[in-house]
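Here are a few friendly notes to read alongside the model. Please keep the structure open as you go through the points.

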Amino acid sequence: MTLTARQRQYLRSQAHHLKPVVLLGQHGLTDAVLAEIDQALEIHELIKVRIPGVDREEKREITEAITAATGATLVQTVGHVAVLFRPHEKNSEYPLPRAKGQ
């Protein structure tokens with residue numbers, strides 16, 4: 001899913017007050033962690049994931065692996081926290097603003 005700047009801004013404002021629901025541990029990105037992220041996205045649609053103790057390049061690789069495995073879209077990363085979004089098929093809690101021209 002590709003988000004416009006306006007849609008990203010809306011999702012960032014909605015995620016501002018959220019706490020990270022998944023924390024990567026010392027073993028990094030495991031199948032169990034991916035399953036937990038997938039389940040959290042299924043329930044909440046918009047989540048924060050904490051990725052502590054890694055450098056910038058490794059954090060980018062981890063977020064790319066998460067988005068590829070779960071079908072989520074990366075909204076933003078700030079420090080060690082990534083914001084992910086995967087809307088429900090029906091009745092999304094987050095009605096995205098329409099892109100110009102739609």
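1. Among contacts (heavy atoms within 4.5 Å) between residues at least 6 apart in sequence, 70% join residues at least 24 apart. A caution on the source: this is a predicted model, where local features need pLDDT of at least 70 and side-chain atom pairs count only at pLDDT 80 or more, while totals for chains, interfaces and linings use all residues. Residues are numbered from 1 along each chain as its sequence is written, and side-chain values use heavy atoms, leaving out hydrogens and water.

2. Along the sequence you will find the pattern α-β-α-β-α-β-β, with helices (H or I, at least four residues) and strands (E, at least two) being DSSP runs numbered from the N terminus.

3. Buried residues (under 20% relative accessible area; exposed is over 50%, partly exposed in between; 1.4 Å probe, protein chains only) make up 34% of the 102 residues.

4. The chain has 4 salt bridges, each a side-chain nitrogen of Lys or Arg within 4 Å of a carboxyl oxygen of Asp or Glu. One of them pairs Glu-42 with Arg-86 at 3.4 Å, N to O. Glu-42 sits in helix α2 (residues 31-44) and Arg-86 in the segment after β4 (81-85), so this pair ties together parts 44 residues apart in sequence. Arg-86 is buried, at 15% relative accessibility.

5. Do look at helix α3 (residues 56-70), where Glu-57 and Arg-60 lie 3 residues apart, about one turn of the helix. Their side chains meet in a salt bridge at 2.1 Å, N to O. Arg-60 also forms a salt bridge with Glu-64, with the closest N and O atoms 2.6 Å apart. Glu-64 is partly exposed, at 43% relative accessibility.
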